[in-house]
Amino acid sequence: MFELITYKQLKAQNLFTSIIENPDDQVINHIVQNGVGEFVFVGRIYHSETGRPGGYIIEIDSVGNLLREIIIQSEDTISYHFFNIHTLDGKYYCLGSQIISYPSISKLWYLKLN
């Protein structure tokens with residue numbers, strides 16, 4: 001008769017609530033957590049000034065503090081929208097769409113970040 005004993009060390013989960021306010025309409029579509037417990041959110045933000053959406057990336061730490069907020073919006077008629085984000089070898093890959101002459105022509109688009 002064999003006896004199998006397993007042991008797992010579990011990390012405590014942090015619980016937080018965080019509100020990230022912006023006067024423009026924000027939508028988050030996907031989230032990933034990196035190796036140090038920080039979270040990266042991607043989606044789109046609708047600019048009331050331009051009337052077009054821009055790519056939206058937010059990074060927060062493990063307790064909910066805002067580390068970085070990035071808006072990708074060109075000066076011309078191109079709009080951006082991120083659908084999801086993946087991590088591989090310490091880099092982030094944001095997948096989304098690039099819309100030319102909003103809302104006419106849509107192309108798939110990705111962005112590699114380190």
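Q: Why is Gly 43 called buried rather than exposed?
A: The relative accessible area of Gly 43 is 0%, and buried means under 20%, exposed over 50% and partly exposed in between, with a 1.4 Å probe and protein chains only. Gly 43 therefore counts as buried. The model is a predicted one, in which local features need pLDDT of at least 70, side-chain atom pairs count only at pLDDT 80 or more, and totals for chains, interfaces and linings use all residues. Residues are numbered from 1 along each chain as its sequence is written, and side-chain values use heavy atoms, with hydrogens and water left out.

Q: What confidence does the predictor assign to the chain?
A: On the pLDDT scale, the predictor's confidence in each residue from 0 to 100, the chain averages 80, and 77% of the residues score at least 70. Among the elements, the lowest mean, 85, belongs to strand β7 (residues 105-113), and the highest, 91, to strand β2 (residues 39-46).

Q: What makes up the pattern of elements in the chain?
A: Helices (H or I, at least four residues) and strands (E, at least two) are DSSP runs, numbered from the N terminus. By that criterion the chain has seven strands and zero helices, and its order along the sequence is β-β-β-β-β-β-β.

Q: Which residues does Gly 43 touch, not counting residues up to four places away in sequence?
A: Gly 43, which lies in strand β2, touches Val 27, Ile 28, Asn 29, Gly 54, Gly 55, Tyr 56, His 81 and Phe 82, where contact means heavy atoms within 4.5 Å.

Q: Why does Gln 98 count as buried?
A: Its relative accessibility is 17%, and Gln 98 therefore counts as buried. Gln 98 is found in strand β6 (residues 91-100), and among the residues it touches are Tyr 80, Ile 105 and Trp 109.

Q: Is Cys 94 buried or exposed?
A: The relative accessible area of Cys 94 is 0%, so the residue is buried. Cys 94 is found in strand β6 and touches residues including Val 42, Phe 82, Trp 109 and Leu 111. Cys 94 and Gly 43 are 51 residues apart in sequence, with their C-alpha atoms 9.4 Å apart in space.

Q: What makes Asp 89 exposed?
A: Asp 89 has a relative accessible area of 70% and is therefore exposed. The residue lies in the loop between β5 (78-88) and β6.

Q: How many residues in the lining of the second largest pocket are nonpolar, polar and charged?
A: The lining divides into six nonpolar, one polar and two charged residues; Ala, Val, Leu, Ile, Met, Phe, Trp, Tyr, Cys and Pro count as nonpolar, Asp, Glu, Lys and Arg as charged, and the others, Gly among them, as polar. A pocket is an open set of points on a 1 Å grid over the protein atoms alone, where a 1.4 Å probe fits, with protein on both sides within 12 Å along at least five of seven lines; lining residues have an atom within 4 Å of a point. Here the lining consists of Val 40, Ile 57, Glu 59, Arg 68, Ile 70, Ile 85, Tyr 92, Leu 113 and Asn 114. The elements giving two or more residues to this lining are β3 (53-60) and β4 (66-72).
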